[in-house]
Amino acid sequence: MSTDTFFAALARFRDRILPAPAQAWLRTPRGLWSVFAVVHLFFVIFAAVLSLRGEAFSDTFIYRAWAEAGFDPTQVTGPSPWVYPILAQIPMAVAYMFGSGAFLFIWVLMITILNGLAVAKLTSWGRNTQAIPAALWWIGFTALLGWLGFARVDGLTAPMVLIALSIGVAQPFLTSVILSVATWVKVWPAAVVLALLTVVKQRVQVILAGMLVTAFVVALALSLNALPKLLTFLLEQGDRGMQLEATFTTPWLWMSVLNIGGARMFMNHDINSMQVDGPGTEVMSVLMQPLLVLAALVVAALIFWALHTGKRKGGADRTELLLLGSLALATAFVVFNKVGSPQFMVWLSPAVAVGMAYNMKAWRVPAAMLIGIGALTFLVYPLFYDALSHNNPVMAAVLTLRNLMLVLLFIWSVRALFLAGRKTGSVPGVGPGTSAQSTHDGASPSAPAGTATGKES
């Protein structure tokens, strides 16, 4: 079945269950913000109920304990608060400003506000109706992942990256500032920084923005007498084994399920992570970090090749390459990672959402794949994680399928980068109302139709 046939069948199914007037309403600003409100009110109200009982949820229990201990690793049991970059402590401190009881409510409220800003930027506050389906997709994906996007630090960084990608190559300095701040909250946005640095002409602006943000971070660490801990987050992962859900753990997962070679699952209480141990896992654990770096460098080289080959052929589109490169690098950060936490799926959605706003047809394949990945992830965590961790073969098969889809998504993004480098002449990726010249020169993909938000010199 071709992709056109598949999506035509999907459209017919949608038309059967959703009347045309409802579809038309959903594509309006009122429909968009109504869906946003329903989804986020659910999580806000749930958080408020738990907060009134003095409770938290998922990883926010850990974050709250860190804030309560003043982020002193000697005063907490389990993972150190310095497992994350230092700026992650700011939202945790803000959520704790009214004490432990209100922590979860304030935390979810912060993520809701950031998500609202991301949707607003993506759609130009609803004025760009062409981007509304992309925003609805992103809201739906966020709802599908559930608390993975609301009770983890990753939920703070995803909307920041979406905002940065919506600004894109039009204002590389501002884009780099936002991405650099997000990187000092959770490391993964560094993948998007690398894509931006590879794509834009004004690389000095990207580097300067990163240096300024880093200088602020160093000054903050000095003021808190925490400079020796500043880079601890880079070292915290070094001694970790192969996490249960990681893509490259799949062979040992099945060895444990089938009781082969003495492979076993166990909980690493020091880092609150389920791991798999077996023949060769120690060697693989050591190899994963250089493998991840190598994969990132290869993708960056491919982006660079696609840009310069495309320029010679007259088909280079910097925004398209930024989005494809961001997806490829973010997916590489997941696929080649010995840590396979379910919240990592959040990393993949910003590039896809902005890509859909930029060119719906070109990005519908990764969008559909990511919905499948999200659904399978939800089955693994939180629904049946206990069964998975007790060698349930059905859940092992579900996780294996999810990991296979991640690999396929990585292959799709790499192939799309390669094809983008071979384009000649006109730019097929241009969205409605945007000229080829404005796209080449750096118009924001989420700008109102026909409006260029910046030009490259």
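This is a friendly dialogue on how to read some features of a predicted model.

User: What should I know about the numbering and the model before starting?

Analyst: Residues are numbered from 1 along each chain as its sequence is written, and side-chain values use heavy atoms, with hydrogens and water left out. The model is predicted, so to speak of local features a pLDDT of at least 70 is needed, side-chain atom pairs count only at pLDDT 80 or more, and totals for chains, interfaces and linings use all residues.

User: How do I read the crossing of two helices, and at what angle do α1 and α17 cross?

Analyst: Start with the terms. Helices (H or I, at least four residues) and strands (E, at least two) are DSSP runs, numbered from the N terminus. Axes are lines fitted to C-alpha atoms, for helices over the stretch in contact, and angles run from 0 to 180 degrees between N-to-C directions. Here, helix α1 (residues 3-17) and helix α17 (residues 360-383) have axes that come within 11 Å and cross at roughly 75°. That makes α1 roughly perpendicular to α17. Angles under 35 degrees count as roughly parallel, over 145 as roughly antiparallel, 65 to 115 as roughly perpendicular and the rest as oblique.

User: Which residues make the contact between α1 and α17?

Analyst: Contact means heavy atoms within 4.5 Å. On the α1 side the residues are T3, D4 and F7, and on the α17 side they are K361, R364, V365 and A368. By class, this contact has 3 nonpolar, 1 polar and 3 charged residues. Ala, Val, Leu, Ile, Met, Phe, Trp, Tyr, Cys and Pro count as nonpolar, Asp, Glu, Lys and Arg as charged, and the others, Gly among them, as polar.

User: How do I read a salt bridge, and which residue meets D4 in one?

Analyst: A salt bridge is a side-chain nitrogen of Lys or Arg within 4 Å of a carboxyl oxygen of Asp or Glu. The structure holds 5 of them. D4 meets R364 in a salt bridge, at 2.3 Å from N to O. This pair links distant parts of the chain, with D4 in helix α1 and R364 in helix α17, 360 residues apart.

User: Which residue forms a salt bridge with D59?

Analyst: R152 does, with the closest N and O atoms 3.5 Å apart. R152 sits in the loop between α7 and α8 (154-167), and D59 in the loop between α3 (29-52) and α4 (60-68), so to speak of sequence, they are 93 residues apart. Both R152 and D59 are buried. Setting aside residues up to four places away in sequence, D59 touches Y84, A151, R152 and Q343.

User: What does E320 pair with?

Analyst: E320 forms a salt bridge with K423, and their closest N and O atoms are 2.6 Å apart. E320 lies in helix α15 and K423 in the loop between α19 and α20 (436-441), so the pair ties together parts that are 103 residues apart in sequence. E320 and K423 are buried.

User: Where does α17 bend?

Analyst: The bend at a residue is the angle between axes fitted to the seven residues ending there and the seven starting there. In α17 the bend is about 25°, at P366. P366 is also one of the buried residues of α17, which include W363, L370 and I373. The buried residues of α17 pack against several helices, among them α1, α7 (132-145), α15 (318-335) and α16 (349-358).

User: How many residues of α16 are buried?

Analyst: In α16, 10 of its 10 residues are buried. They include S349, P350 and Y358.

User: What about the backbone: which residues have a positive phi, and where is a cis peptide bond?

Analyst: Most residues other than glycine have a negative phi, and most peptide bonds are trans. F71, not a glycine, has a positive phi of about 60°. F71 is in the loop between α4 and α5 (89-95) and is buried, at 12% relative accessible area. W125 also has a positive phi, near 60°. W125 lies in the loop between α6 (103-122) and α7 and counts as exposed at 56% relative accessibility. A cis peptide bond joins Y381 and P382, with omega about 15°, and P382 is found in helix α17.

Conventions. Buried < 20%, exposed > 50% of the residue type's maximum accessible area, 1.4 Å probe, protein only.
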